[in-house]
Amino acid sequence: MAGENPASTTEYIQHHLTNLVYGNHPDNGWGFAHGAQEAAEMGFMAIHVDSMAWSVGLGILFCWLFRAAAKRATTGVPSGVLNFVELIVEFIDGAVKDSFHGSNKMVAPLALTIFVWIFLMNLMDLLPVDLIPELLMLAGVNYQKIVPSTDPNITLGMALGVFILMLYYSIKIKGTGFVAELTMHPFNHWGFIPINLFMETVGLLAKPFSLGLRLFGNMYAGEMIFILIATMFAAGAGAGLIGGGLHAQIFGDNTSAWFWLVIFILVCGVCTLNLKGKISTGKTVLLCMVFMALGGGLTALAGGLMQWGWAVFHILVITLQAFIFMVLTVVYLSMAHEDH
Amino acid sequence: MNINLTLFGQMVTFAFFVWFCMKFVWPVIIEAMEERQKKIADGLDAADRALRDLELAQNKATDQMKEAKQEAAGIIDQANKRANQIIDEAKQQAIAEGDRLKVAAQADIEQEMNRAKEELRATVAGLALAGAEKVLEASIDDKANRALVDKLAAQL
């Protein structure tokens, strides 16, 4: 939780932006980094455990979900998860057929993997920024970034994978034509070969970098806004019932986790009663608001609403970014397949 | 924000997941979808064909009904005609039979009449002879006068 003074706010933000790093520190040897400073000192021989774990986990989730659907795939009437999966597959298939004109059996599955995987990674952004890091803090893990796509390693790693495929297919399909493309464009004269080579190489390299950095930038900025909203409104203790809520009055700075659990159960209970038709929707919203205000204070409530608003908007962003990454990958690969 | 081994880790996992998707997910789902597409297209085709068949069958049925009706009408006509014919024939036969019966009866009557006449003649002849016998009181030769009296009786 953020404090009131700027220093702790900065700490809060920095804490949220620090990965859990396991690497070879020049002084301490292999181990988890204690803070951003140590992580930076580890240099290249380090790995972001949280990014890798979440991204692999989400990748496995994707594989499991789609494999389960594939196993149930019938030519009869589809239902349930198969419907949903087929919707996505058809969407990807359409997008690939629109922009990829070569014949390559890999492009469509590649696009599907990219789209769903990136979407799932981006989706982690919609979890409350403090929820999992705080829970893991209780479990003794000090740093946790749960959105893998806010890690440039992840996005650039995927972009580099795409880049390798681009190079591979360019050389495979075009052969010497690829060299000609790099050297004889845009000025078709041997005297311009160095200039052409420079320009084309920059253009070629710009593709994977823009691909990776676009996704990273968007997700990083989105995450940042969640964090900023959290710092703005998660007012500390001592600000009274309005600012700090009941918990600050009772517990001071050291609010017990049980308190939040009680509030959570109360809110869930009210929502359940509403779903069962016991109380009206208006009353439900009001009661939830009261519980939230009691728990976190009015400013926390406002912060919650803003988080919610940004999350709704962010749903568009995460889908769009996953889609853009996928479409650009397909377009780049299509360009690699086009023999002039 | 450091570039480190995570980069390669992600590349490797990326490659692995793409391979997995390419091998175990995409072809299965796409195949099932395409097959279903084909099935649905076939089904729609079959439905169209069935509809056309139905229309043809209905037309045929209508035609057959018409034909049957005509046939029935023809048969009824014929039957009526035949019935009339039979009635006419029967009438004719009845008339003929009647005529024949009448003729036979007349013949019978005539026969009876003739027989009666014969009997009458014989009786009259006997009576005349007896009368004449009485009148003459004499024994006239019966045989000699019989022919005379018979001639007389035939004139009656």
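Leu160(A) sits in helix α7 of chain A, residues 152-174. Helices (H or I, at least four residues) and strands (E, at least two) are DSSP runs numbered from the N terminus. This is a predicted model: local features need pLDDT of at least 70, side-chain atom pairs count only at pLDDT 80 or more, and totals for chains, interfaces and linings use all residues. Residues are numbered from 1 along each chain as its sequence is written, with chains lettered from A and ligands numbered from 1 in the order in which they are written.

Leu160(A) counts as partly exposed because it has 19 C-beta neighbours inside 10 Å. The cut-offs are 20 or more other C-beta atoms within 10 Å for buried, 12 or fewer for exposed, and partly exposed in between, with C-beta atoms placed from the backbone. Its C-alpha atom is 9.7 Å from that of Lys207(A), 47 residues apart along the chain.

Contacts here mean C-beta atoms, placed from the backbone, within 7 Å.

| Residue | In contact with |
|---|---|
| Leu160(A) | Pro208(A), Met11(B) |
| Leu112(A) | Val89(A), Ile92(A), Cys21(B), Trp26(B) |

**Helix pair.** α7(A) packs on helix α8 of chain A (residues 176-183) at about 115°, with the axes 5 Å apart. Axes are lines fitted to C-alpha atoms, for helices over the stretch in contact, and angles run from 0 to 180 degrees between N-to-C directions. The two helices are therefore roughly perpendicular, a class that spans 65 to 115 degrees. Ser170(A), Ile171(A) and Lys174(A) of α7(A) meet Gly177(A), Phe178(A) and Glu181(A) of α8(A).

**Chain contact.** 43 residues of chain A touch 29 residues of chain B. On the chain A side, elements giving two or more residues include α2 (36-42), β3 (46-48) and α7. α3(A) gives the most, with 11 residues. The chain A side divides into 27 nonpolar, 11 polar and five charged residues. Ala, Val, Leu, Ile, Met, Phe, Trp, Tyr, Cys and Pro count as nonpolar, Asp, Glu, Lys and Arg as charged, and the others, Gly among them, as polar.

**Cores.** A nonpolar core is a set of buried Ala, Val, Leu, Ile, Met, Phe, Trp, Tyr and Cys residues joined through C-beta atoms within 7 Å. The largest has 61 residues; Ala111(A), Leu112(A), Phe115(A), Trp117(A), Ile118(A) and Ile29(B) touch the most other members. Suppliers of at least two residues include α7 of chain A and α1 (6-136) of chain B. α5(A) gives the most, with 13 residues. A second, separate core of 10 residues includes Val21(A), Ala39(A), Met42(A) and Ile47(A).

Notes: Contact = placed C-beta atoms within 7 Å. Parallel < 35°, antiparallel > 145°, perpendicular 65-115°, else oblique. Lists of a residue's contacts leave out its neighbours within four places in sequence.
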